[in-house]
Amino acid sequence: MIRFETVSKVYRSGNRPALHEATLEVKPGEFVFLVGASGSGKSSFLRLILREERASAGLIHVLGQDLGRLSNRKVPAYRRNLGVVFQDFRLLPTKTVFDNVAFALRVLGQSEAYIHDAVPEVLGLVGLGNKENRLPHELSGGEQQRVAIARAVVNKPAILLADEPTGNLDPATSAGIMDVLRNINAAGTTVLMATHDTAIVNDMKRRVVELRDGRIIRDEAGGEYVTRANPIVDVSDSFPTRADSQPIAIEPLDFDPIPAFDPMSPTSEAIDLSYLDGIGEEPL
Amino acid sequence: MKLNFVLLEAWNGVRRNVSMVVSVILVTLVSLTFVGSAALLQLQISDMKSYWYDKAQVAVYLCTQYSTLGACDQQEVGAEQIAAVEAQLGSTTLAPYIDKWYFEDHDEAYANFTEQFAGSPVVDLVTPDLLPQTFWVNLKDPTQSAIVFEAVGGMGGVESVIDQRSYLDGIFSMLNAASLTAVGVAVLMLIAAALLIATTIRLSAFSRRRELAIMRLVGASNWYIQTPFILEGVVAATIGSVLACGAIAGIVVFFVDGYLASALPATSFIQLADVWFVFPGLLLAGAVLAATSAYVAISRYLRV
């Protein structure tokens, strides 16, 4: 489904390769986590699969296509087989939830009749069946990401790429997003997800591919974010340590919080604001 | 459905930057009006050429008693010399080139002169003996005046041989220079129009960069992404071209056929019926210009 053979990627301005002789095979229906620190090459990996970039060296085969030989003209048709989700959702702010998802079908020239069948179905799948007519800014972050996922899979792609889809979300919301991704994967879509999120990776117990400095340093099935054999970041070498270093004790706050201002309460007028004198001209 | 969506996108683009679209319309209007004017001027020149060149004759001026030019030595041309020139003009060698010719003596020349300059004080100063006797020659092909020069130019009693076309050539080269100037201005304006269209489309694309990015991600075809932008440019430029056609038609009807024709009644001027074929050319030029510059501008956003 996805096969990398000693793939390297060097950016024109960079002196260090973003990806260095990476070799990897992903089988149909797999759920793969790409983990690693920022700058370890996760995003380059996804961009190469998306054919936003060409590999500097090595072979990339996705869905039977050799991406090195894929002409620019054929890239749009190729991308119809991929769904993509980003950390920042990338929704169109002036379009409703329905239109955001429908946009992906409209630009491919699908009929309105098909769109009116397919969009509610996929919104139901991501758990937003009742929010078709909302605008993105009326939704929570988790809901916005669900819209983005709906848009990515409405075209029934074979592969879903997710670049830190939970990066902007709290743990509870992230868990909901992961349920959606798990369901999509269970329906047969191959999912490739780059993430920093330790808890998610450890919960899911799926294949984990770890990158560091553009190299694949770990690839294990049912893995966790950190293993004993391969700690993600070993900071002990990077910082000078003192022999007598002590853990820093964090002391509790030792002042009374300012009482909340309540305009309806007669006592509020008595709050002494004199301590603000000289701090600034701006009113509270 | 797909076409509707594309047209809707193009219309939204036009609506979203009205001021840029208006400036594209104006620049296209001005530049294409210059292009059209240059074309009109060329048409007028060729019209006048065929009109005047048909009337243009070669004049063989004979010596007067005052003339010192050519073969003259302040001696009135003699009867034998006139007969010799006449014989030369009537010879079989020249016959294939000459349509007709006739002789004008002092009195006829004076009569023509007073008629031509009636009311001018110069008439009082001129007497018949000042005006040379002349053979007027109409050529079958007015460009072949050199033959007459060769045949009679050096003969006794011939003061000079003048092709009237040489007077016209001065006027025409002036008109040509004017039309070249118009073309030069038009070219500059067209470059400005092309750059302005490209900038407008880039702005339009920038304001829709989210949509463009998503379109590219979900695999919309390049055709689908480009077309609204190209249409946007073409629509604006076409409005400008239509206005330019209106301006050209106005120039022809009100200025050329209205003002110029009444000011210079002796000259034939182009009519609207003679210039209509310029209009489709202008429309096509505007559309092609806009489509090309919009295409170049938008293709930057399609690089994958």
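# Briefing: a predicted model with chains A and B

Glu164(A) is buried, because 21 other C-beta atoms lie within 10 Å; a residue counts as buried if 20 or more other C-beta atoms lie within 10 Å of its own, as exposed if 12 or fewer, and as partly exposed in between, with C-beta atoms placed from the backbone. This is a predicted model, in which local features need pLDDT of at least 70 and side-chain atom pairs count only at pLDDT 80 or more, while totals for chains, interfaces and linings use all residues. Residues are numbered from 1 along each chain as its sequence is written, and chains are lettered from A and ligands numbered from 1 in the order in which they are written.

**Chain A overall**

- Chain A has 7 helices and 10 strands; helices (H or I, at least four residues) and strands (E, at least two) are DSSP runs, numbered from the N terminus.
- Of its 284 residues, 35% count as buried.
- Among contacts in chain A with a separation of 6 or more, 66% are between residues 24 or more positions apart; two residues are in contact if their C-beta atoms, placed from the backbone, lie within 7 Å.

**Positive phi in chain A**

- Most residues other than glycine have a negative phi.
- Glu164(A) has a positive phi near 50° and sits in the loop between strand S7 (159-163) and helix H6 (171-186) of chain A.
- Asp213(A), also not a glycine, has a positive phi of about 50°; its place is in the loop between strand S9 (207-212) and strand S10 (215-220) of chain A.
- Asp213(A) is partly exposed, because 15 other C-beta atoms lie within 10 Å.
- Leu63(A) takes a positive phi near 50° in the hairpin of S4(A) and S5(A), which has 2 residues between the strands.

**Strand pairing in chain A**

- Strand S1 (residues 2-9) and strand S4 (residues 57-62) of chain A run antiparallel and are joined by 5 bridges; two strands pair if DSSP finds at least two bridges between them.
- Ile2(A) has Val62(A) of S4(A) as its bridge partner.
- Val62(A) also stands opposite Gln65(A) in S5(A).
- S4(A) and strand S5 (residues 65-66) of chain A run antiparallel, with 2 bridges between them.

**The sheet of chain B**

- Four strands of chain B form an open sheet in the order S2-S3-S1-S4, with antiparallel pairing.
- Strand S2 (98-104) and strand S4 (158-163) of chain B are at the edges with a single partner strand each, so one side of each has no neighbour in the sheet.
- From one strand to the next, the twist averages 15°.
- Strand S1 (residues 58-62) and strand S3 (residues 134-139) of chain B pair in the antiparallel sense over 4 bridges, and Ala59(B) stands opposite Trp136(B) in S3(B).
- Helix H3 (residues 79-89) of chain B lies across S1, S2, S3 and S4 of chain B and runs at about 5° to S3(B); axes are lines fitted to C-alpha atoms, for helices over the stretch in contact, and angles run from 0 to 180 degrees between N-to-C directions.

**Helices H2 and H9 of chain B**

- Helix H2 (residues 18-55) of chain B packs against H9(B) at an angle of about 40°, with the axes 7 Å apart.
- H2(B) and H9(B) are therefore oblique to each other; angles under 35 degrees count as roughly parallel, over 145 as roughly antiparallel, 65 to 115 as roughly perpendicular and the rest as oblique.
- Residues making this contact include Val24(B), Thr28(B) and Leu32(B) of H2(B) and Ala237(B), Gly240(B) and Ala244(B) of H9(B).
- By class, the contact of H2(B) with H9(B) has 16 nonpolar, 6 polar and no charged residues; Ala, Val, Leu, Ile, Met, Phe, Trp, Tyr, Cys and Pro count as nonpolar, Asp, Glu, Lys and Arg as charged, and the others, Gly among them, as polar.

**Ala237(B)**

- Ala237(B) lies in helix H9 of chain B and is buried, with 32 other C-beta atoms within 10 Å.
- Leaving aside neighbours within four places in sequence, Ala237(B) is in contact with Val24(B), Thr28(B), Ile197(B), Gly286(B), Ala287(B), Leu289(B) and Ala290(B).
- Ala237(B) and Val27(B) are 210 residues apart in sequence, and their C-alpha atoms are 8.7 Å apart in space.

**Contact between the chains**

- Chain B gives 15 residues to the contact and chain A gives 20 residues.
- On the chain B side, helix H1 (2-16), helix H8 (209-218) and helix H9 (222-263) each supply at least two residues.
- H8(B) provides the largest share of that side, 6 residues.
- The side of chain B that touches chain A has 9 nonpolar, 3 polar and 3 charged residues.
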